[in-house]
Amino acid sequence: LLLESLDGLDDAVRRLDIAERALKKQVHSNFVTLALAQAEMNNPIPPLCAIFVRLFLLQGVANKILLRQSRDAANAAAANDAAEERLRWARLLCHRLRTSCR
């Protein structure tokens with residue numbers, strides 16, 4: 001997806017969802033939940049979380065862009081909630097990974 005063109009945004013969101021499913025098949029079903037809980041408690045998290053940080057950041061940005069394009073209030077609210085959640089997860093995991101590297 002080029003930043004200048006939003007024509008492929010729906011396809012990009014679909015591919016990000018596929019990537020999330022593929023990543024989650026590679027780890028325990030509770031990996032992300034446990035990593036988020038550990039990060040919230042300021043405990044160390046596995047370096048593998050870096051891949052999920054990138055995924056969540058891309059999903060959050062894509063959902064924010066969808067929010068701007070949406071004319072349907074119900075879809076806009078859902079997109080905003082999804083975007084905020086994914087960006088919060090990315091921020092939390094990234095912060096924890098950065099502090100554990102020091």
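These legends go with a few close-up views of a predicted model.

As a predicted model, it is read with cut-offs: local features need pLDDT of at least 70, side-chain atom pairs count only at pLDDT 80 or more, and totals for chains, interfaces and linings use all residues. Residues are numbered from 1 along each chain as its sequence is written, and side-chain values use heavy atoms, with hydrogens and water left out.

**View 1. Helix H2 and its buried face.**
H2 covers residues 31-40; helices here are DSSP runs (H or I, at least four residues), numbered from the N terminus. Look for Phe31, Val32, Ala35, Leu36 and Ala39, the buried residues of H2. "Buried" means under 20% relative accessible area, "exposed" means over 50%, and "partly exposed" is in between (1.4 Å probe, protein chains only). Seen down the axis of H2, the buried residues fall within an arc of 125°, so they line one face of the helix. That arc is taken from the directions from the helix axis to the C-beta atoms. Now check the other side of H2: Thr33, Leu34 and Glu40 are exposed there.

Asn42 sits in the loop between helix H2 and helix H3 (49-69). What is the phi of Asn42 near? Phi is near 60° here, a positive value in a residue other than glycine. Asn42 is also exposed, with a relative accessible area of 51%.

**View 3**
Rings of Phe, Tyr and Trp (its six-membered ring) pair up if their centres lie within 6.5 Å; planes under 30 degrees apart count as stacked, over 60 as edge-to-face and the rest as tilted. By this rule, the count comes to three aromatic pairs. One of them is Phe52 with Phe56, a tilted pair at 6.0 Å centre to centre, with 45° between the planes. These two are four residues apart in helix H3, so about one helical turn separates them. Phe52 is buried, at a relative accessible area of 2%, and Phe56 is buried too, at 0%.

Trp89 is buried, with a relative accessible area of 14%.
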